[in-house]
Amino acid sequence: MPYSPIYLIIAAVIAVAAGLLIGYFLRKNVAEGKLASAESMAEKIVDDAKKSAEGVKKEMVLEAKDEAYRLKNEMEHEIRERRSEIQRQERRIVQKEETLDRKTEQIERKDEALQKTEQELGKQKKSINELMQKQMQELERIANLSFDQAKDVLLNRVETEIQHETAMIIKENENYAKEESEKRARNIISLAIQRCAADHVAETTVSVVVLPNDEMKGRIIGREGRNIRTLETLTGVDLIIDDTPEAVILSGFDPVRREVARIALEKLILDGRIHPGRIEEMVEKAK
């Protein structure tokens with residue numbers, strides 16, 4: 001039986017509707033699959049980002065630690081340099097104070113010598129006047145000389161005595177001036193020799209004491225520099241503690257004092273007890 005057009009239209013509509021429904025469900029399934037895939041990919045990206053952030057964080061922490069260690073080393077190096085400079089300045093100040101004290105003592109001695117000379121001259125002048133008076137009276141009494149004649153005689157005698165006394169005073173002053181000039185000349189020559197020959201005698205004026213480790217430098221210096229000052233005062237040798245690894249330099253022109261300082265320091269390092277009392281004991285033993 002032939003189909004009527006109405007049936008055909010209805011069948012076509014149903015087919016179209018079925019196709020639409022099938023397409024809708026197919027698209028829905030595809031969309032849901034893509035959404036699940038996108039969510040999975042997003043979770044993976046988040047995990048990767050977290051792992052990357054942790055790695056960056058660790059790397060930044062390591063870099064910060066390295067920078068802190070570098071800054072610490074720089075600060076310690078600067079502190080050591082400043083400490084060495086302060087010690088050198090303290091030694092220079094002590095030397096200047098000693099030089100000033102010596103000059104002050106020299107000036108005081110000169111003042112005392114001048115005062116004594118003035119007192120002696122005053123006493124001599126007074127005794128000369130008294131002697132002139134007595135001799136004038138005696139001459140007038142014994143020789144019946146006139147005043148002018150007695151005056152001439154007395155003046156001649158006084159002149160002779162004054163010349164003798166003046167010669168003695170001049171000789172004493174010349175001897176004193178000669179001694180002072182020789183002292184100053186020796187000091188000037190010594191300073192000139194030290195300055196001009198510093199490069200040539202460096203090897204003969206320096207001794208090196210090897211340390212077991214750099215921590216021993218701090219123990220040698222002591223609290224507020226007490227140990228190093230005590231050792232330098234007792235031996236008369238300068239201790240140079242710088243950045244030289246595991247070594248202390250002893251500087252001094254006297255080889256005997258330098259050797260005493262070296263022996264005493266080596267004994268103190270072996271003994272391990274480093275304090276002013278022990279230093280004094282070891283220096284005495286080394287002598």
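This is a predicted model: local features need pLDDT of at least 70, side-chain atom pairs count only at pLDDT 80 or more; totals for chains, interfaces and linings use all residues.

Student: What makes something a helix or a strand here, and where do the numbers come from?

Tutor: Both are DSSP runs, numbered from the N terminus: helices are H or I with at least four residues, strands are E with at least two. For example, α6 spans 276–286.

Student: Which residues of α6 are buried?

Tutor: Arg278, Ile279, Met282, Val283 and Ala286. They cover an arc of only 135 degrees around the axis, so they sit on the same side of α6. That arc is taken from the directions from the helix axis to the C-beta atoms.

Student: Why is Arg278 called buried?

Tutor: Buried means under 20% relative accessible area, exposed means over 50%, and partly exposed is in between (1.4 Å probe, protein chains only). Arg278 comes to 12%, so it counts as buried.

Student: What makes Asp271 and Arg278 a salt bridge?

Tutor: The rule asks for a side-chain nitrogen of Lys or Arg within 4 Å of a carboxyl oxygen of Asp or Glu. Here the N to O distance is 3.2 Å, so the pair passes. Asp271 is partly exposed, at 28% relative accessibility. Salt bridges that share partners join Asp271, Arg273, Arg278, Glu281 and Lys285 into one network.

Student: How do you know that Glu224 and Arg226 pass too?

Tutor: Their closest N and O atoms are 3.9 Å apart, so they meet the 4 Å rule. Glu224 counts as exposed at 62% relative accessibility, while Arg226 is partly exposed at 43%. By this rule the count comes to 16 salt bridges.

Student: And α4, which residues are buried there?

Tutor: In α4 (residues 226–235), they are Asn227, Ile228, Leu231, Glu232 and Thr235. Their arc is only 125 degrees around the axis, which puts them on the same side of α4. In general, an α-helix has 3.6 residues a turn, so residues three or four places apart point the same way.

Student: What makes a nonpolar core, and which residues have the most contacts inside the largest one?

Tutor: A nonpolar core is a set of buried Ala, Val, Leu, Ile, Met, Phe, Trp, Tyr and Cys residues joined through side-chain atoms within 4.5 Å. The largest has 23 residues, and those with the most contacts inside it are Ile220, Leu239, Val248, Leu250 and Leu265. Helix α5 gives the most, with six residues.

Student: How do you know that β1 and β3 pair?

Tutor: Two strands pair if DSSP finds at least two bridges between them. β1 and β3 (residues 247–251) have five, so they qualify, and they run antiparallel. One of the facing pairs is Val206 opposite Ser251, and another is Val208 with Ile249.

Student: Why do β1 and β2 count as edges?

Tutor: The open sheet of three strands has the order β1-β3-β2. β1 (206–210) and β2 (238–240) each have a single partner strand, so one side of each is left without a neighbour in the sheet.

Note on methods
Residues are numbered from 1 along each chain as its sequence is written. Side-chain values use heavy atoms; hydrogens and water are left out.
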